[in-house]
Amino acid sequence: MTQNPWTREQNPGPQQEASPGPGPQPDITPRGPSAPQHGVPAPAEDQRLPKFAIPAADTLWWVGVHGGAGETTMSVLLPGTRAANHRWPIPPPPVPTPVILVARTHGSGLRAAQRAAIEWASGVVQGVAVLGLVLIADAPGRLPRVLDDFADIVGGGVPRVWDIPWIEEWRRGEAPTPDNTPDEVFEVLESIYALRASNPADYPAPY
């Protein structure tokens, strides 16, 4: 991957000294299952995401689990990654390709994320390593309790969950930049970058 452009620069003031070492690193510890699980039934064929072949597992892919999920936005935010256009990118064996699922936080988006997580957990998607799920707010303000609870359930089926808040500038069509991006998004991107850079070839896969 290219150098992370989403790390905020810490410029010490005239009376401040720069810290002697790197700051705290993002927590990339898995919170949920990190590989497919025995006994998980696969969704029906018409409930699965399509697949397409890629020549090698050489990058991180964003898999939007429904239309308008935000996978293209995420690929813009983190250069060197790609949007999969609502499909599973399948490389040749033996190295799996890392993917992150992307969904909106409305009911249909969360249900689509759940279906994709179940599909991966069942083991029918060979050659991908799901690193987690990005949930992008579909409206300003807090999620209704029923959706918040459902998001927790869905998130329990993937290794990690990252939350992107509602960003009015993006809704107006402004391109994502460091100037119109809140701190929460910087933290998400730094975490994902650290995860992808930590050991890019060491991901479990059902090959």
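Helices (H or I, at least four residues) and strands (E, at least two) are DSSP runs, numbered from the N terminus. By this rule the protein has five helices and seven strands, which follow one another from the N terminus as β-β-α-β-β-β-α-β-α-β-α-α. The model is predicted: local features need pLDDT of at least 70, side-chain atom pairs count only at pLDDT 80 or more, and totals for chains, interfaces and linings use all residues. Residues are numbered from 1 along each chain as its sequence is written, and side-chain values use heavy atoms, with hydrogens and water left out.

**Confidence**

Colour the model by pLDDT, the predictor's confidence in each residue, from 0 to 100. The mean for the protein is 84, and 83% of its residues reach 70 or more. Next, select residues 9-22, where pLDDT stays under 50. For this stretch the model has two contacts beyond four places in sequence, a contact being heavy atoms within 4.5 Å. Where pLDDT is low, the predicted coordinates should not be read in detail.

Two strands pair if DSSP finds at least two bridges between them. Strand 2 and strand 5 run parallel and are joined by four bridges; here Gly64 is opposite Val102 in strand 5. Four bridges also link strand 6 to strand 7, again in the parallel sense, and Leu133 is found opposite Val161 in strand 7.

Now display the side chains of strand 7. Trp162 and Ile164 lie on its covered face, Val161 and Asp163 on its uncovered one. In a regular strand the side chains alternate between the two faces of the sheet.

**The cores**

Of the 207 residues, 42% count as buried; buried means under 20% relative accessible area, exposed over 50%, and partly exposed in between (1.4 Å probe, protein chains only). A nonpolar core is a set of buried Ala, Val, Leu, Ile, Met, Phe, Trp, Tyr and Cys residues joined through side-chain atoms within 4.5 Å. Select Val65, Trp88, Val99, Leu101, Val128 and Leu133, which touch the most other members of the largest core, a set of 29 residues. Helix 2 gives this core its largest share, seven residues. A second, separate core has 21 residues, including Ile136, Trp162, Ile164 and Trp170.

Centre the view on Val65. Beyond its neighbours within four places in sequence, the contacts of Val65 include Leu49, His86, Leu101 and Ala112.

Which residues of helix 3 are buried? They are Leu147, Phe150, Ala151, Val154 and Gly155. Seen down the axis of helix 3, these residues fall within an arc of 135 degrees (taken from the directions from the helix axis to the C-beta atoms), so they line one face of the helix. They pack against helix 2, strand 6 and strand 7.

Finally, select Ser75 in helix 1 (residues 71-77). Is Ser75 buried or exposed? At 15% relative accessibility, Ser75 counts as buried. Leaving aside neighbours within four places in sequence, Ser75 is in contact with Trp62, Thr81, Arg82 and Ala83.
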